[in-house]
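The following paragraphs go through one structure, part by part. Please keep the sequence and the coordinates open while reading.

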Amino acid sequence: MIAPAAGLPSRTVDVLIVGASLSAAACAKRLVDAGLQTLVIERKKLPRHKICSGILSPRGHRFLLENFGPLPREILHEPTSCRGVTFHFPKAPSIDIDFFGGPTPHLYRKNSDYWAIQRSGAAVEDETSFAGLERTAEHVDVRVTRRGRPETIRAKWVVGADGPTSLVVKSIYPDYQHAIPWFLVGQKFHDIVKCPLDQQYFHFWFHPGLGHYTWSHARDGRQIVGVGFDAGHNFDKAHANVVRYIGKRHGVELGPAQDSEACGENFGLSLINKYVFGRGRVLITGQAAGFLNMMAEGMSAALHSGAICGEAIAEAAFHGEPAQRVYRRFIESEVRRCSDQWNPLQIAFGRPHEADFWAALRRLGWTERLQVIGEVVMFVRLYAKFRWGRQILGQAVERLLKGRYDARRWW
Ligand SMILES: Cc1cc2nc3c(=O)[nH]c(=O)nc-3n(C[C@H](O)[C@H](O)[C@H](O)COP(=O)(O)OP(=O)(O)OC[C@H]3O[C@@H](n4cnc5c(N)ncnc54)[C@H](O)[C@@H]3O)c2cc1C
């Protein structure tokens, strides 16, 4: 794997971060604070669009406040906040689940990510794509394409913060993309004729007939309708099916679909504790590493794992221990937080989420409670084909007995 550098490096930095999103901003903040020369590259022109509902968890909100300061209005959508999640079922009554501590910000990712990366204090170069790397024991030579021109940058450490379809991951684990299942999600925007769905909540459907991930929420005067669909299946059809359904079931009347967008997701790695943390001087963080909380909430884990990654590199820089080893030790806390959200024992007996599902359930009568649980179970069966059940249970037992998840399962 270790090969000599191909092109002559045009410059040298301490740390090169690939991607200018939230995990990158958090990582960069720690590195800059530690006095390390940090360069962030982003393939798109900044500020860039990012497909995301933008519902920040309370923990993510706290991180932004503590690390980057008060949130300016321009980094928020309308409605500017979200009270929690409403779960809908085929037959059982819908339930509102409020976030602990009150509403949280509804982030406008284009502006929030740009704000955070600027606040990190790192040097940022946009329209610069990661193209490949060569590792040695002392450094990493990273090939980039900067505004159409190839260049090589030498870094002591490289951070892959380039999201679910990470090219950095692909460059160090060529088999990775064939080793995990890929999920597709897409969303479209609609003008609202009539929408009884409460605008203060993110709406999610536990309905096996609609898709593996079906959601809707208000944004800037329009309604988003999104759905997960399998590769090879038709997104337009799946989406139209959801629009029809919410019309009939909830009386939602929407104008024609506009601004269609879809993307691939590496969902599942946090459920089965199969995170990807990199090799040698190349560290992977954020969703590229597999962090995704319940309800596809990834921003808080991106921020925290990014910060931990930066701390691990700073520790390595000043104390000489290999960064990869430090990172794998430090990141255990975030792995616990994230995988706990999917761990059936933690869900039943702990409080891994920042919204109280059980309290919402207790507001229902016994028959309705059983109906909700039955319909959640029916929905979860959609995922049976991935054969994650045994792995999830095995990891839950490991967590119970040893207090942590098995680090030997990580890439
Ligand atoms: C439809 C949808 C809705 C979601 N809703 C929510 C939500 O409401 N709340 C929530 O918390 N999470 C949500 N998520 C998840 C959340 O968006 C991600 O988990 C989070 O953005 C991950 O952050 P990250 O920093 O790891 O990577 P990303 O945000 O994916 O950023 C990666 C960055 O790397 C750049 N990049 C990629 N490749 C290269 C390259 N080769 N060279 C240079 N740069 C590159 C990208 O352009 C991007 O800027 C949602 C995701 C989707 C798809």
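**Domains, ligand shell and helix packing**

The ligand lies between domain 1 (1–84 + 108–180 + 265–411) and domain 2 (183–264), because both domains give residues to the shell around it. The domain bounds come from an automatic or database domain assignment. This is a predicted model: local features need pLDDT of at least 70 and side-chain atom pairs count only at pLDDT 80 or more, while totals for chains, interfaces and linings use all residues. Residues are numbered from 1 along each chain as its sequence is written.

The shell around the ligand holds 38 residues, and the closest are Gly19, Ser21, Gly163, Gly286 and Gly298. Two or more residues of the shell come from each of α1, β8 (128–135), β11 (183–194), β15 (253–265) and α7 (299–319). Helices (H or I, at least four residues) and strands (E, at least two) are DSSP runs, numbered from the N terminus. Helix α1 gives the largest share, three residues. By class, the shell has 18 nonpolar, 12 polar and eight charged residues. In this scheme Ala, Val, Leu, Ile, Met, Phe, Trp, Tyr, Cys and Pro count as nonpolar, Asp, Glu, Lys and Arg as charged, and the others, Gly among them, as polar.

Residues are in contact here if their C-beta atoms, placed from the backbone, lie within 7 Å.

Helix α1 returns in the helix packing. Two packed helices are described by the angle between their axes and the distance between the axes. For α1 and α7 the axes come within 7 Å and cross at roughly 30 degrees. Axes are lines fitted to C-alpha atoms, for helices over the stretch in contact, and angles run from 0 to 180 degrees between N-to-C directions. The two helices α1 and α7 are therefore roughly parallel, a term for angles under 35 degrees. Their crossing is right-handed, meaning that the near helix is turned clockwise from the far one by less than a right angle. Among the residues in this contact are Leu22, Ala26 and Leu31 of α1 and Met299, Gly306 and Ile313 of α7. The contact of α1 with α7 has 13 nonpolar, four polar and three charged residues.

Helix α1 (residues 22–33) also packs against α3 (residues 109–119), at an angle of about 15 degrees and with the axes 8 Å apart. Leu22, Ala24, Ala25 and Ala28 in α1 meet Asp113, Ala116 and Ile117 in α3. Six residues of this contact are nonpolar, none is polar and one is charged.

What remains is the backbone. Most residues other than glycine have a negative phi, and most peptide bonds are trans. The peptide bond from leucine 46 to proline 47 is cis, with omega near -5 degrees, and proline 47 sits in the loop between β2 (38–41) and α2 (58–68). Another cis peptide bond joins glutamate 78 and proline 79, with omega about -5 degrees; proline 79 is in strand β3. Methionine 295, although not a glycine, has a positive phi of about 65 degrees. Methionine 295 is located in the loop between β17 (282–284) and α7.

Note on methods. Two residues are in contact if their C-beta atoms, placed from the backbone, lie within 7 Å. A residue is near a molecule or strand if its C-beta atom, placed from the backbone, lies within 6 Å of it. Angles under 35 degrees count as roughly parallel, over 145 as roughly antiparallel, 65 to 115 as roughly perpendicular and the rest as oblique.
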